[in-house]
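Dear colleague,

Please find below the structure that I am handing over to you. My notes on what was found in it follow directly after.

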Amino acid sequence: MPRAIAIVLERDYAARLEKLAFHTPVWIVDTPQNHAAAEEAWLRMTEWPQISVTVFRPLPAEPARADWAAFLEQLLLHHPSADALHVIGSALTLPARAAMTHSGFTELEESPDGFRARRP
């Protein structure tokens, strides 16, 4: 089974965060709404220790390859065994594709809410 990480770039994903975080580690863009939902998830960690939510500063509106690469470097520093990413709230742009491929995520597919990337 893949060791998946969800990356949420939607600015207001608060209502859906708890359900997602219950099943997979989540990195979510830091907005007031998302931060409040992350704090609620952190409180639930005492009861559900598998919950893992990390907030991060927003990427630029149109992230360049270097932006994606720096972000992936940080994520993989914390989750080196991650072999699947579910990106929510961003299209599979050329810069995203290039950075993902460079980081070893060569199996890429668009999804209704963003895209998925896997290491073979």
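Glutamate 18 has a relative accessibility of 44% and so counts as partly exposed; here buried means under 20% relative accessible area, exposed over 50%, and partly exposed in between, with a 1.4 Å probe and protein chains only. Its side chain meets that of arginine 44 in a salt bridge, at 3.2 Å from N to O. Because glutamate 18 lies in helix H1 and arginine 44 in helix H2, the pair ties together parts that are 26 residues apart in sequence. Arginine 44 is partly exposed too, at 35% relative accessibility.

The model is a predicted one, in which local features need pLDDT of at least 70 and side-chain atom pairs count only at pLDDT 80 or more, while totals for chains, interfaces and linings use all residues. Residues are numbered from 1 along each chain as its sequence is written, and side-chain values use heavy atoms, with hydrogens and water left out. Helices (H or I, at least four residues) and strands (E, at least two) are DSSP runs, numbered from the N terminus.

Three salt bridges are counted in total, the criterion being a side-chain nitrogen of Lys or Arg within 4 Å of a carboxyl oxygen of Asp or Glu. A second one joins aspartate 83 to arginine 3, at 3.7 Å from N to O. Aspartate 83 belongs to the loop between H3 and S4 and arginine 3 to the segment before S1, so this pair links parts that are 80 residues apart in sequence. Aspartate 83 is buried at 18% relative accessibility, whereas arginine 3 is partly exposed at 44%. In the remaining bridge, the closest N and O atoms of arginine 16 and glutamate 10 are 2.7 Å apart.

The sheet is open and mixed, with six strands in the order S3-S2-S1-S4-S6-S5; two strands pair if DSSP finds at least two bridges between them. Its edge strands are S3 (53-56) and S5, each pairing on one side only. From one strand to the next, the twist averages 15°. S1 (residues 4-8) and S4 run parallel and are joined by five bridges, and alanine 6 stands opposite histidine 86 in S4. H2 packs on the sheet, touching S2 and S3, and its direction makes about 155° with that of S3. Contact means heavy atoms within 4.5 Å; axes are lines fitted to C-alpha atoms, for helices over the stretch in contact, and angles run from 0 to 180 degrees between N-to-C directions.

Within H2 (residues 32-44) sits asparagine 34, which is buried with a relative accessible area of 0%. Among the residues it touches, not counting those up to four places away in sequence, are Glu10, Tyr13 and Ile28. A polar atom of the asparagine 34 side chain lies 3.4 Å from the backbone oxygen of arginine 11.

Which residues of helix H4 (residues 94-102) are buried? They are Ala96, Ala99 and Met100. These residues cover an arc of only 100° around the axis, which puts them on the same side of H4; the arc is that of the directions from the helix axis to the C-beta atoms. Leu94 and His102, on the other side of H4, are exposed. The cover over the buried residues of H4 includes helix H3 (65-78) and strands S4 (84-88), S5 (107-111) and S6 (114-118). Just after H4, glycine 104 adopts a positive phi of about 95°.

Yours sincerely

Key:
A polar contact is a pair of N or O atoms within 3.5 Å; within protein, one must be able to donate a hydrogen and the other to accept it, and residues adjacent in sequence count only if both atoms are side-chain atoms.
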